[in-house]
Amino acid sequence: DAGVTQSPTHLIKTRGQHVTLRCSPISGHKSVSWYQQVLGQGPQFIFQYYEKEERGRGNFPDRFSARQFPNYSSELNVNALLLGDSALYLCASSLLPPGGIRNEQFFGPGTRLTVL
Amino acid sequence: DQQVKQNSPSLSVQEGRISILNCDYTNSMFDYFLWYKKYPAEGPTFLISISSIKDKNEDGRFTVFLNKSAKHLSLHIVPSQPGDSAVYFCAASAKGGSEKLVFGKGTKLTVNP
């Protein structure tokens with residue numbers, strides 16, 4: 001079975017540009033979360049979506065937005081890119097809805113974003 | 001404010017010996033803990049988890065221990081293998097809301113043949 005997939009693998013943008021990152025969860029998983037990992041740090045939570053509804057948002061500026069589609073895939077959008085947005089962006093999916101039985105999140109390979 | 005702390009940036013052990021990775025947390029609302037392993041250029045891979053109602057969980061060579069009073073958990077790998085060499089992340093979540101994962105900074109484990 002396919003795991004979590006993300007596209008593109010790598011991306012280079014310049015300051016001020018906009019970027020869209022894509023994620024497809026494991027088949028059957030309805031919950032998708034986005035994390036940002038900068039060098040030397042652990043992943044940091046950005047958003048979680050379940051059944052197309054935002055269930056949580058981390059401490060990120062409004063330049064960051066996301067959405068989930070009817071097929072449970074998701075997009076992360078970042079506007080007005082800054083040099084500090086350079087990071088590995090990770091998508092994770094989980095089977096069960098938040099607030100119920102606890103279950104692990106499974107991560108994709110990530111998208112490496114470089115902002116010049 | 002680092003709610004999940006992995007105070008050892010790196011750990012080196014010999015093949016066949018035990019690897020012990022440690023993690024401390026400060027948020028008493030955390031009730032679910034996970035360990036992930038990460039190779040370069042890959043996403044984190046789930047290893048093992050533990051609920052706060054337990055103090056130990058085993059899965060093959062991996063055992064996680066939870067000491068709630070000390071707000072401390074550890075991951076034991078026995079026996080360690082060279083393929084275990086990776087960065088290990090401790091993560092925690094609190095019930096309710098998004099149940100987002102809060103990660104430590106990671107510990108780089110090197111298992112020497």
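The model is predicted, so local features need pLDDT of at least 70 and side-chain atom pairs pLDDT 80 or more, while totals for chains, interfaces and linings use all residues. Residues are numbered from 1 along each chain as its sequence is written, chains are lettered from A, and side-chain values use heavy atoms, without hydrogens or water.

**Stop 1: the interface.** Select chains A and B. Their contact (heavy atoms within 4.5 Å) takes 23 residues from chain A and 22 residues from chain B. Across this interface the rule finds 0 salt bridges; a salt bridge is a side-chain nitrogen of Lys or Arg within 4 Å of a carboxyl oxygen of Asp or Glu.

**Stop 2: Arg22(A) and Glu75(A).** Show these side chains: they meet in a salt bridge, 3.5 Å from N to O. Arg22(A) lies in strand β3 (residues 19-24) and Glu75(A) in strand β8 (residues 74-78), so the pair ties together parts 53 residues apart in sequence. Strands are DSSP runs of E, at least two residues, numbered from the N terminus. Arg22(A) is partly exposed at 42% relative accessible area, whereas Glu75(A) is buried at 10%. Here buried means under 20%, exposed over 50% and partly exposed in between (1.4 Å probe, protein chains only).

**Stop 3: Arg63(A) and Asp85(A).** Next, pick this salt bridge, with its closest N and O atoms 2.8 Å apart. Both residues are buried.

**Stop 4: chain B.** Finish at Lys56(B) and Glu58(B), a salt bridge with closest N and O atoms 3.7 Å apart. Lys56(B) is partly exposed at 41%, and Glu58(B) is exposed at 52%.

Terms used
Helices (H or I, at least four residues) and strands (E, at least two) are DSSP runs, numbered from the N terminus.
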